[in-house]
Amino acid sequence: MAETPALIWEHEVCSLLKYGELIPRLETALGKFSNRDSAEVIQPVRTTVPLQKHSGFLGVMPCYMENEGILCTKLVCFYKRPTGSTLPSTQATVMLLDPEYGNVKAIMDGDVITGMRTAAVSAISAKLLMCPDAEILTILGTGKQALSHYNVFTEVFSFKEVRVWSRSKDKAEAFAQSLGHHVTACESVEEAVRGADVIVTVTRSTVPVLSGQWVKPGAHVAAVGACRPDWRELDDTLMKQAVVYVDSREAAVTESGDIILSGAEVFAEMGEVINGTKPAHREKTTVFKSLGLGVEDAASAQLVFDKWKSKEKL
């Protein structure tokens with residue numbers, strides 16, 4: 001008889017999941033995904049169910065890593081919230097299953113995993129694609145993803161200046177003050193991104209907020225918002241002048257409005273860069289369009305579960 005599934009709550013996931021261990025796990029997972037070896041990773045494009053009454057979607061993100069014995073799925077609801085809404089824009093739960101017996105081994109908070117693995121993959125893209133002497137980081141947005149991206153980018157890299165922007169000036173100023181004196185709140189997107197070496201877009205926008213005319217040549221953009229085929233954060237100018245990298249080609253041409261609506265060509269997956277089969281064009285303007293993968297959730301959840309089991313044995 002199967003054991004009762006472990007329940008791993010938000011505070012436990014926070015205490016167990018650390019970027020120093022997560023980033024190398026995710027680099028390995030992305031490389032395996034891009035190998036397209038079914039013994040390594042089987043992961044379909046996310047299935048979505050519209051929640052029209054609530055202006056949202058349910059996303060189902062399964063992944064099977066046969067060689068590692070990992071079977072996982074994430075259930076995530078994400079919403080287009082009106083300005084000023086106090087409701088969450090995402091809610092997620094991750095489940096680990098035993099691939100041989102089919103029982104659920106663990107149910108864990110998915111919001112922390114989603115925030116941290118998304119930010120960690122953006123940091124991986126920056127490590128591979130940004131100019132080596134990058135000094136200025138800009139974050140567009142002030143939500144949970146903005147905070148997780150700030151945390152990992154300032155932990156992994158040494159930026160001399162951090163700028164933030166939000167449609168709400170008050171939110172931008174409050175966010176900047178909560179992070180420290182070295183973070184500047186900007187009144188406009190143009191002010192925030194002019195001269196920036198790395199730009200992270202984590203907004204709820206469904207129309208472009210970042211113009212390629214404002215982005216300096218050689219900058220790296222990690223675009224995280226706009227996860228639907230009719231939503232955008234980046235304009236045509238930026239998408240067509242940049243070398244475009246993605247986490248998944250299949251997901252990008254199905255889910256990313258930034259890519260679909262601009263007609264931009266996908267140059268490579270991040271896993272291909274990690275595997276050495278595609279080059280990292282650090283000298284050019286680059287865009288990494290992040291949509292989030294089940295394999296990222298699977299690798300993250302297994303890391304949490306392994307550490308939880310070790311802690312329980314103490």
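Predicted model: local features only at pLDDT ≥ 70, side-chain atom pairs only at ≥ 80, totals over all residues.
Local features need pLDDT of at least 70 and side-chain atom pairs count only at pLDDT 80 or more, while totals for chains, interfaces and linings use all residues. Residues are numbered from 1 along each chain as its sequence is written, and side-chain values use heavy atoms, with hydrogens and water left out.

**View 1. Packing of helix H3 (residues 110–129) against helix H11 (residues 294–313)**. The two helices pack at an angle of about 115°, with their axes 10 Å apart, which makes H3 roughly perpendicular to H11 (a term for angles of 65 to 115 degrees). The contact (heavy atoms within 4.5 Å) is made by Ile113, Arg117 and Val121 of H3 together with Glu296, Asp297, Ser300 and Ala301 of H11.

**View 2. The largest cavity, holding about 70 Å³ of space**. A cavity is a set of points on a 1 Å grid over the protein atoms alone where a 1.4 Å probe fits but cannot get out, and its lining residues have an atom within 4 Å of a point. Of the 13 residues in this lining, Gln43, Pro44, Val45, Arg46 and Gly292 are the closest to the centre of the largest cavity. Strand E3 (56–65) and helix H8 (249–255) each give two or more residues to the lining, and E3 gives the most, with three.

**View 3. The second largest cavity, with a volume of about 30 Å³**. Glu12, Leu16, Trp308, Lys311 and Glu312 line this cavity, and H11 gives the most to the lining, with three residues.

Key. Axes fitted to C-alpha atoms, helices over the stretch in contact; angles between N-to-C directions. Helix = DSSP H or I, 4+ residues; strand = E, 2+ residues; numbered from the N terminus. Parallel < 35°, antiparallel > 145°, perpendicular 65-115°, else oblique. 1 Å grid on protein atoms, 1.4 Å probe; cavity = no way out; pocket = protein on both sides within 12 Å on 5 of 7 lines; lining within 4 Å. Points joined across faces, edges and corners; volume = space filled by probe spheres on them.
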